[in-house]
Amino acid sequence: MSHVLARRLPLPKLSRFSWLMGLYAENHVRLQRLFEPADLACGTYVSSIGDGLDLQMVVLEHHAYTVELRLSYGLVDPQTGLHDPSANLRLYRDARQVEATHCYAGRRWQDVIGMFPPPERILDHRLRMNTFLGKWLQYLAEQGHGVATLQPVSPEKIETAA
């Protein structure tokens, strides 16, 4: 009997791809809880909590099963003219996942992994981007951003700010 109890079954190994799919699911829960973007119309929204660092969310497009979004602060990188940090997101309604397709935090993806990276490097980069997204969404929630702080921005205000 002690021989049976001493034998341990090995735990299944989690592949990097499985880990990435898990991040997508966690990010979906965080983003939905924070802003419920699947229910928002296309347009620009700003979340302001009074700290002088407003979060901008742009709902770019709605498709049958996906929503395309962009999250960024009002900060602009003086060298590139891009919002820094920013993330382009794809929300999969049916699969309940959110994928960071592009992140800009000081450098473009081409500068980070090169123009023709091997598949392993692409997977590693996606893991880093989606880990960054999860931490950013958690930070936003801790700071007080959410549905209650999210306001639509009229097109006139966007043109005058640009």
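Biologist: Of the 162 residues in the protein chain, 33% are buried. What does buried mean here?

Modeller: Buried stands for under 20% relative accessible area, exposed for over 50%, and partly exposed for what lies in between, with a 1.4 Å probe and protein chains only. Please keep in mind that this is a predicted model, where local features need pLDDT of at least 70 and side-chain atom pairs count only at pLDDT 80 or more, while totals for chains, interfaces and linings use all residues. Residues are numbered from 1 along each chain as its sequence is written, and side-chain values use heavy atoms, with hydrogens and water left out.

Biologist: Thanks! How many helices and strands does the protein chain have, and what makes a run count as one?

Modeller: There are five helices and six strands, in the order α-α-β-β-β-β-β-α-α-β-α from the N terminus on.

Biologist: What makes the largest nonpolar core a core?

Modeller: A nonpolar core is a set of buried Ala, Val, Leu, Ile, Met, Phe, Trp, Tyr and Cys residues joined through side-chain atoms within 4.5 Å. The largest such set here has 25 residues, and Leu31, Leu71 and Leu89 have the most contacts inside it. Helices H2 (16–35) and H4 (119–143) and strands S2 (55–62), S3 (66–73), S4 (86–92) and S5 (97–104) each supply at least two of its residues. H4 gives the largest share, five residues. Apart from this core lies another one of five residues, including Leu20 and Leu127.

Biologist: Which residues does leucine 89 touch, leaving aside its neighbours within four places in sequence?

Modeller: Contact means heavy atoms within 4.5 Å. By that test, the partners of leucine 89 include Leu31, Leu71, Val98, Thr101 and Leu133.

Biologist: Why is S5 described as largely enclosed?

Modeller: Seven of its eight residues are buried, so the rest of the structure largely encloses S5. Take threonine 101, which lies in S5: its relative accessibility of 16% is set against the cut-off for buried, so threonine 101 counts as buried.

Biologist: How do you know that S4 and S5 pair?

Modeller: Two strands pair if DSSP finds at least two bridges between them. S4 and S5 are joined by seven and run antiparallel; in one of these bridges, serine 86 has tyrosine 104 in S5 as its partner.

Biologist: What stands out about arginine 96, in the loop between S4 and S5?

Modeller: Arginine 96 has a positive phi of about 55 degrees although it is not a glycine. Most residues other than glycine have a negative phi. With a relative accessible area of 60%, arginine 96 is exposed. At a relative accessible area of 37%, glutamate 36 is partly exposed.

Biologist: How do you know that the buried residues of H2 share one side?

Modeller: They are Leu20, Leu23, Tyr24, Asn27, His28, Leu31, Leu34 and Phe35. The arc is that of the directions from the helix axis to the C-beta atoms. Here it covers only 145 degrees, which puts these residues on the same side of H2.

Biologist: What is the span of H2, and what is expected?

Modeller: The expected span is 1.5 Å times one less than the number of residues. H2 has 20 residues and reaches 28 Å from its first C-alpha to its last, close to the expected 28 Å.

Biologist: Why is the pair of tyrosine 73 and tryptophan 136 called tilted?

Modeller: Rings of Phe, Tyr and Trp (its six-membered ring) pair if their centres lie within 6.5 Å; planes under 30 degrees apart count as stacked, over 60 as edge-to-face and the rest as tilted. In this pair the centres are 5.5 Å apart and the planes at 55 degrees, so tilted is the word. The pair links distant parts of the chain, with tyrosine 73 in S3 and tryptophan 136 in H4, 63 residues apart.

Biologist: And what makes phenylalanine 132 and tryptophan 136 a tilted pair?

Modeller: Their centres are 5.6 Å apart and their planes at 35 degrees, so this pair is tilted. Phenylalanine 132 is partly exposed at 28% relative accessible area, whereas tryptophan 136, at 6%, counts as buried. Tyr73, Phe132 and Trp136 form one aromatic cluster.

Conventions: Helices (H or I, at least four residues) and strands (E, at least two) are DSSP runs, numbered from the N terminus.
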